[in-house]
Amino acid sequence: MASVVAIVGAGEAGLACARELAGRAHTVVVDRRPVEGADHEATAIRWDGAALLAMGPAGAVEIAADALVIATGTRPLGRAELGLVGTRPAGVLSAPVACELSEQGLVRPARPVVIGGGAWAARAVAALARAGAEHVTVVAPDGILTPPPPSHRITIHEGLRPLAVGGDPQVERLECDGAAFDCDAIVLAHGLAPVRNVDGAVSDGVRTVYARPRDDPGTEDGARRAGAEAARAALALTGGQATIGPWWSSPSLPPSA
Amino acid sequence: MRDYDVVIVGGGVVGCAIARRLSFTTARVALVEAAGDVGEGASKGNTGIATCGADCPPGSLEAELVTRSSPGWEALCASLDTPFRRIASLAVAGTAEEEARLEELGAGARANRCEAEIVTGERARALEPMLTPPARAALHAPGDGIVDPLRLTIGYAELAARNGVAVHLDATVTGFRMSGERITHVETPDRVMAAGYVVNAAGIESDTVSRLAGGEPFTTWPRQGQYWLLDREVGSRFRSIVGGVPTAESRGVYCVPTTHGSLLLGPTARDGTERRNRATDAASLDGVFDAARRLVPELDRRWAIKTFAANRPASEPGYRIGIDPYRANLVHAAGIRSTGVSSSPAVAELVHEVLAAAGAPVQDERTGAATALEAVPRLFGHRDPAALFAGDPAYGDVVCPCEQVTAAEIAAALRMRVPPRSADGVRKRTHAAAGRCQGAMCLGRIAGLIEAHG
C-alpha cells in the first residue's frame, strides 16, 4: 500500500514537495487560500502523528497520513521576537498587516518607520508610499538585502538596532541604539520566523518534516529545493518502500523561474 | 427625575462585576468607563490567577472576600462563557530561609481556612514535572485556579448589558454636581446623568473620582507589573501555577499557564507615579525571566510571543469598600490592589449589601433577569469540528490560524451588547491575534471584518 504524505502549504516548497513525491507516495496538499495545486482549501489545525485535521469552506477535513510536511513559509519577526521593549501603542504593525491595511486604505501613516532590509521591508515601503506616506524611514539592522524602490522620500539607516517603542495610545517614536525616530507607524519587517500553526507539529511533531528554505532573501528556487528535501525526509519517515537512493538526485524539478 | 438609581464609575473587573450583580435587581444602573472598552486597565494586564486566598493576609477584608469568592468560580465562569480551570498552585521554596517562610504561609492559609499542604520537593516535582530540581519544599494549594480575566470582565459587562445596564464607553467622569452631602449628577463629556448613588470602582483613578466628588481624600498609585507571554508549546506542558515563596513586599514572579494553554511569566512589582506609563524595559523583563528560570530552568526566550506591562491600583490601606464619610450616596470599591479578579464576585455582593443598607433601590430582584450568557462554541480544542461546521459554516473560516479563531466566533463577538470597536477588542473577546504570530497573519482580515460590520 502506498504511503500518504500530508503537505500543509501549496507555495513553491509545498508543491515542489508534492512533485518530488509523485509516484512514490500519495500526497494530499492543503492550503488556507484557494490556490492552484492544493487538494483542499483548508487551514490545518491539528496533527496527532497519524491524521491531520483541517477546517475550510467545505467543512472539517481529516487526512490519515504516514507523514506530515509543513511548508507554510515564513513571516517577519514580532515585537517580542525582535526584543523590542517600551509601550504597546496602536500603529505597530507586522509587515503583512501593514501591506494589507494600506492597500485597503485602512491605514495611511504619514511618517512610518519600517524595520528590516529584506523582501518584506521592500514590499512594505512600496505599499506605504502608494498609500501616501510623506516620508519612510527604513531601519535595517542587518543592512539592505532587497533594496526598496528608489525615492527621495525614503531614508535608509543600515546597521541600527531597534530597541524600544514610545507613545501611548498611538505610536510616536522608535528608539534605536544611537538614534531615535519620530513616527506615526512602525512596520515590523525584519527577520524571518517560520509560520507554524498546526498543533502537534509546531516545532517537533511526530512524523513531521519542516520545509526550511535557507535563502534570505527567499527565492522560488530555494523554496523548491527545500520542498524537495522535505519530500525525501518524509519518504524516509514513512518507513518503507521509500529507499533514499540516487533517484532523488535526478532533476525532477522544473527549471527555476 | 433620576436617570439612574446607581452609576458605577469604572469598567474594570470590579466595576463590571458590580454591574452584573446590580443588573439582577430592579435598580436602573449605568456603568461609565473612560476607555473605549471595558477591561482596559489592570483587568487586562494581570496573571489571570483566581486564587483561593491561601496567601492573603489573615483577618483582612481581602482574605475574606477572596475566600468567599473562591468556591463559586466554576459556576460563575460557566454562566459567563469564561474559561476557568482549578489547576492548583505550588509556592516553591528553593532555600532554607524560604522553606522557613513556607511554614508561615501554611499557617496563613489555615487561618484563611484554605486547603493547603506543605509537600516535599520530591512530591512537588511529581505534581509539577516542569519544576526545578533543587526545590526543597512547596506549599500546594489545590483551590487555586486560572481564569481568562478579559473574558471574565467582558462577560460581567455583557450580562449586565443584557439585563438593561447602560454601558457608556469613552465616558471619562469630569465632575459631579452636589446638593448638600449628596451627589446629584455625574458629568461626562457627552452627558450629565442624574444619579441616586455612585459607586467608585475606578481602579487607579479612584482617588481622582473621590476628589472630584468631594469625598474622602486618599491616594492610589500605579504598581507596575511586567510580563512575558510564552507559546503554548511550553505552556501546555504545565499542570499547575508555579511561584516562589511570597515576601511581605511582593508575591513575586509566577509561571502561570493560561486558559488558552500559553504561559505567563510575571509580574514585577514596582511602585510608580506615572499612571499612564505602561512601558516595558529590558532590565525588568530580564529580571522576570531570570526569576522564572530559577523555578523552571528549561524556560527559553525562543518561546516568547509577547511582553507587556500593566499597572495595578495600589493604595494604603487596600480594599476600601463602603460609604464615603463625607458623601452619603458615594460607595467606594477602591484600592483593590492585586487580587481584583479573585475577589470580584464577593466585592460585588458586598457593594450590593452596602447600597441596600444605604437605602438604594437595589433590594428587589428583577423578575426575568438573565443569569447566564449562552456559550459561543470555540473551534480551539473542540472535540467535534465537523458538528460545529454543520451548525454554522463560518466555523470553516479560520481567521486566526495560531489561536484557531473562526469567522463564526468573531461574528458572535461583533454582535455583543458590549461589542469590540477595534482589533484589540476582538482579541480580548475571541483570542484572535493573541498567539505566536501576534496577528501578522490575521489582523488585516480582522480589521476588514470590523469595517464590514460597521
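User: In what order do the five strands of the open sheet in chain A lie?

Analyst: In general, strands of a sheet pair through backbone hydrogen bonds, either parallel or antiparallel. This is a predicted model. In chain A, the order across the open sheet is β3-β2-β1-β7-β19, and the pairing is parallel.

User: Which are the edge strands?

Analyst: Look for strands that pair on one side only; in chain A these are β3 (40–41) and β19 (208–210).

User: How many bridges join β1 and β7 of chain A?

Analyst: Four bridges, in the parallel sense, link β1 (residues 4–8) to β7 (residues 67–70) of chain A.

User: Now helices. At what angle do α2 and α10 of chain B cross?

Analyst: Read the distance between the axes together with the angle. In chain B, the axes of α2 (residues 61–69) and α10 (residues 340–357) come within 7 Å, with a crossing of roughly 100 degrees. Angles of 65 to 115 degrees count as roughly perpendicular, and α2(B) and α10(B) are therefore roughly perpendicular to each other.

User: Which residues make that contact?

Analyst: From α2(B) come B:E62, B:L65, B:V66, B:R68 and B:S69, while α10(B) contributes B:S342, B:S343, B:S344, B:P345, B:A346, B:V347 and B:L350. By class, the contact of α2(B) with α10(B) has six nonpolar, four polar and two charged residues.

User: How is chain B divided into domains?

Analyst: A domain may be built from separate segments of the chain, as the ranges here show: domain 1 of chain B is 1–84 + 146–219 + 316–375, domain 2 is 89–142 + 221–313, and domain 3 is 385–453. The C-alpha centres of domain 1 and domain 2 of chain B are 28 Å apart. Their contact draws 28 residues from domain 1 of chain B and 31 residues from domain 2 of chain B. On the domain 1 side, the elements giving two or more residues are α2 and β8 (145–147) of chain B. That side of domain 1 has 13 nonpolar, eleven polar and four charged residues.

Conventions. Residues numbered from 1 in each chain as written. Chains lettered and ligands numbered in written order. Predicted model: local features only at pLDDT ≥ 70, side-chain atom pairs only at ≥ 80, totals over all residues. Axes fitted to C-alpha atoms, helices over the stretch in contact; angles between N-to-C directions. Parallel < 35°, antiparallel > 145°, perpendicular 65-115°, else oblique. Contact = placed C-beta atoms within 7 Å. Nonpolar A, V, L, I, M, F, W, Y, C, P; charged D, E, K, R; others polar. Pairing = 2+ DSSP bridges. Domains from an automatic or database assignment.
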